[in-house]
Amino acid sequence: WKKRVLLLTSAEDLDCTPGFQQKVFHINQPAQFIEDQAILNLTFSDCKGNNKLHYEVSSPYFKVNDDGSLVALKNITAVGKTLFVHARTPHAEDMAELVIVGGKDIQGSLQDIFKFARTSPVPRQKRSIVVSPILIPENQRQPFPRDVGKVVDSDRPEGSKFRLTGKGVDQEPKGIFRINENTGSVSVTQTLDREMIATYQLFVETTDVNGKTLEGPVPLEVIVIDQNDNRPIFREGPYVGHVMEGSPTGTTVMRMTAFDADDPATDNALLRYNIRQQTPDKPSPNMFYIDPEKGDIVTVVSPALLDRETLENPKYELIIEAQDMAGLDVGLTGTATATIMIDDKNDHSPKFTKKEFQATVEEGAVGVIVNLTVEDKDDPATGAWRAAYTIINGNPGQSFEIHTNPQTNEGMLSVVKPLDYEISAFHTLLIKVENEDPLVPDVSYGPSSTATVHITVLDVNEGPVFYPDPMTVTRQENISVGSVLLTVNATDPDSLQHQTIRYSVYKDPAGWLNINPINGTVDTMAVLDRESPFVHNSVYTALFLAIDSGNPPATGTGTLLITLEDVNDNAPFIYPTVAEVCDDAKNLSVVILGASDKDLHPNTDPFKFEIHKQAVPDKVWKVSKINNTHALVSLLQNLNKANYHLPIMVTDSGKPPMTNITDLRVQVCSCKNSKVDCNAAGALHLSMTSLLLVSLFTLACK
């Protein structure tokens, strides 16, 4: 018997066609649709037992009960001309149409619910082709092709045929739809995806046997009904929000928005948000709430619990879930992580770790002497934690400065001007600490924000100090050896130690000076020369040491500047000392001589140039003054090719004056065809005396 039942069931399955048994219904428009009163009964079967059967009605004022009865949800009059009912299970789905005869069209009802952009009715105007929009659920399974609608032509001539065109037929994507040319039945050949193409605009026409159009084309709209086949996704991550600690309950932190590719006019894309997990879950597992519709995340704990300094971790991570189908269990879900940072505000003032600090420093030393430590509970990465220190008392001479260590936040107290033990052995500073950022209004700086620093100055054996330094003295150069220049004076800053001082020469580049080690008297042990290479701009510099009797001894250095007054102790000299002239020159000028003197004015120019009278006859050479420092040497007649030595005497203007005689070597050269030949001149070396003898001999012969 059981086998017979199975055989009967199998036979039934073979005969079963999934879908509505009747797809089109006609009812007259009543005066009113009554709430919960059955309008008609629909029969749908997926041939698998209708497990998880779900109905959708194109009007929000109707529903289909589990027994298939269509009822109104409230008393209503006008609902339009057509209602569509969509039924689906995991194994099958179908669409039924309810035509309301006498009903009035309601603009946009179908589009608002299913987002079906229905084609406006086409006036018949001699046309007999009748088309209605075709609704096809996406993601249909095999078998294909399957009939989805039918075109009717009540006046179609015998032998005429239907023809279907448009995108999806003979235009890309081609071959999705086709029409039975004889019956007008429209079929789909493959699974449709609403997210790829939501509607297809096709055209129907009738043709004769030769393919000539008899009627049409008439628009045929194919509408793909959405299925919930896309999960919500968060596309804008990462999601990071910030909220200030102590914020009031209900403070908005951030907004999470997910995207669903399904039809936004259906529940398939109607999203609801939920917090699935919070990490960490202290001090409350529900620190935040998300608006299920908007996705706004807000705080739900009291401001006292939102205290960054008491939180285990100021960073929270929330797993946010978005679910379509308005959050029903059958909806698809997508998740994302929201990171929420609890930002710090300056609600804790810095406090010194102790009220008093001690420091010691040697007199004369500079640098950091003590680090002042503070505590601050605020975020170390913010100005609410970073400290700023100020010396508010005890620093009249500005000998101290304090700066913040950026790594440790400690106050580095430094000596910037050396301290003197003999003046003050102790210093007391009052220092305050504040934050870079201002405190919140209900927090203030207290007594712990100030501290006292006691500084002890250690006595150090300081070197003696020369006064004045530098020491200056003016003397004439060439004063006699042993002349006293001055007595230096150095004092020991360590007045309480009663030490003795000895003196010595430290640097004396020319070796001219001597100093008495006991009384500091400086005298000369060599002649002072202003023209010495060790003298610069008439000033000679020497250094002396003053050494005390401490253990170990300390040393001070003093500088002596000796200004040397000039004495006329240098004879002038001429330049150049060699000249050339052609033996047949028409211009008998030989050379312009210049003179120089190492001394200073008035012991220099004007210079007097002369030919040494005792050696040269006046009728051969002549010296003429040009200015105070130059003179012209010229010939009174042409000379033969030879070398001549002319003694030139130059005298300065000093009192008494100094004179120098220098031989001027004059080469008389052969100058022919623009060539100067002085070689032969070198073969004959005649002094001016020899020249005089030759001249006298020549005159005697004549």
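Does Cys 582 count as buried, exposed or partly exposed, and at what relative accessibility? Cys 582 counts as partly exposed because its relative accessibility is 25%, where buried means under 20% relative accessible area, exposed over 50%, and partly exposed in between (1.4 Å probe, protein chains only).

## Basis of the model

This is a predicted model, in which local features need pLDDT of at least 70, side-chain atom pairs count only at pLDDT 80 or more, and totals for chains, interfaces and linings use all residues. Residues are numbered from 1 along each chain as its sequence is written, and side-chain values use heavy atoms, with hydrogens and water left out.

## Disulfides

The structure holds 2 disulfides, a disulfide being a pair of cysteine sulfur atoms within 2.5 Å. In one of them, the sulfur atoms of Cys 582 and Cys 671 are 1.9 Å apart. The torsion about this S-S bond is about -85°, so the disulfide is left-handed. The pair links distant parts of the chain, 89 residues apart, with Cys 582 in strand S45 and Cys 671 in strand S51. Strands are DSSP runs (E, at least two residues), numbered from the N terminus. Cys 671 counts as buried, at 16% relative accessibility.

Cys 669 and Cys 678 also form a disulfide, with their sulfur atoms 1.8 Å apart. The link of Cys 669 and Cys 678 has 100° about the S-S bond and is right-handed. Cys 669 is buried at 1% relative accessibility, and Cys 678 is buried at 16%.

## Nonpolar cores

A nonpolar core is a set of buried Ala, Val, Leu, Ile, Met, Phe, Trp, Tyr and Cys residues joined through side-chain atoms within 4.5 Å. The largest one here has 26 residues, and the members that touch the most others are Val 590, Leu 593, Phe 609, Trp 621, Val 633, Leu 635 and Leu 664. At least two residues of this core come from each of strands S45 (578–582), S46 (589–596), S47 (608–611), S49 (630–635), S50 (642–651) and S51 (659–672). S50 gives the largest share, 5 residues. Another core, of 24 residues, lies apart from it and includes Met 256, Ala 258, Phe 288 and Ile 290.

Contact means heavy atoms within 4.5 Å. Leaving out residues up to four places away in sequence, Leu 664 touches Pro 576, Thr 577, Val 578, Val 591, Leu 593, Val 633, Tyr 644, His 645, Leu 646 and Ile 648.

Ser 634 is placed in strand S49 and counts as buried at 11% relative accessibility. Not counting residues up to four places away in sequence, Ser 634 touches Leu 588, Ser 589, Val 590, Val 620, Trp 621 and Lys 622.

Thr 604 is found in the loop between S46 and S47. Thr 604 is buried, with a relative accessible area of 8%. Among the contacts of Thr 604, with residues up to four places away in sequence not counted, are Asp 597, Asp 599, Asp 652 and Ser 653.

## Strand S11

Strand S11 (residues 134–137) is covered on both faces: Ile 134 and Ile 136 are buried on one side, and Leu 135 and Pro 137 are buried on the other. S11 runs parallel to strand S18 (residues 213–225), and 4 bridges join them; two strands pair if DSSP finds at least two bridges between them. The bridge partner of Ile 134 in S18 is Val 222.
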